[in-house]
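Thanks for taking a look at this one with me. Please keep the structure open while you read the points below.

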Amino acid sequence: MENKKVSLVVIATPNSNESESVNDYIEGVLPQLISAGGKLIKRLMVDQIIHGKPGGFILIMDFDSEQAIKSVFESVDYEAFIPVRNRAFEEINIQITNSF
């Protein structure tokens with residue numbers, strides 16, 4: 001059986017009063033994701049909403065396994081950024097996805 005890649009998809013609405021926290025979170029967490037083998041596919045900013053709740057940013061990264069993604073979010077290094085994350089974003093959805 002072929003080893004399928006999995007994708008990390010993050011949809012986040014930044015807190016407009018915490019732009020410094022947003023930058024601190026991205027600058028601190030993105031290197032952790034890359035160190036875990038993540039390949040940056042796209043970083044997007046939402047321009048228009050057709051239906052649903054608006055999100056401000058979308059991040060898509062590919063990884064070799066779910067465990068590689070989980071290793072980042074379950075690490076002590078990431079845990080230090082949770083308070084920053086909670087200030088930086090009004091809402092953030094961090095999802096592991098697979099092709100279907």
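The notes that follow go from the overall fold to the core and then to one residue.

1. **Ground rules.** This is a predicted model, in which local features need pLDDT of at least 70 and side-chain atom pairs count only at pLDDT 80 or more, while totals for chains, interfaces and linings use all residues. Residues are numbered from 1 along each chain as its sequence is written, and side-chain values use heavy atoms, with hydrogens and water left out.

2. **Layout.** You will find 4 helices and 4 strands in the protein. Starting at the N terminus, their order is β-α-β-β-α-α-α-β. Here helices (H or I, at least four residues) and strands (E, at least two) are DSSP runs, numbered from the N terminus.

3. **Overall dimensions.** The C-alpha trace spans about 45 × 35 × 15 Å along its principal axes. For 100 residues, a compact globule would have a radius of gyration near 13 Å, and the 14 Å of the protein agrees with that. The radius is taken over C-alpha atoms, and the globule rule is 2.2 Å times the number of residues to the power 0.38.

4. **Contacts along the chain.** Taking contacts (heavy atoms within 4.5 Å) between residues at least 6 apart in sequence, 78% join residues at least 24 apart.

5. **Burial.** Of the 100 residues, 30% are buried. Buried means under 20% relative accessible area, exposed over 50%, and partly exposed in between (1.4 Å probe, protein chains only).

6. **The core.** A nonpolar core is a set of buried Ala, Val, Leu, Ile, Met, Phe, Trp, Tyr and Cys residues joined through side-chain atoms within 4.5 Å. The largest one has 19 residues, and Leu8, Tyr25, Leu33, Met61, Phe63 and Phe89 touch the most other members. At least two residues each come from strand S1 (6-14), helix H1 (19-35), strand S3 (57-63), helix H2 (66-73) and helix H4 (82-88). H1 gives the most, with 5 residues.

7. **Tyr25.** Setting aside residues up to four places away in sequence, Tyr25 touches Leu30, Phe73, Tyr78, Phe81, Val84, Arg85, Phe89, Ile92 and Ile94.

8. **Thr13.** Is Thr13 buried or exposed? With a relative accessible area of 19%, Thr13 is buried; its place is in strand S1. Leaving out neighbours within four places in sequence, Thr13 is in contact with Pro54, Gly55, Gly56, Phe89, Glu90 and Glu91. Thr13 and Phe57 are 44 residues apart in sequence, yet their C-alpha atoms are 6.5 Å apart in space.
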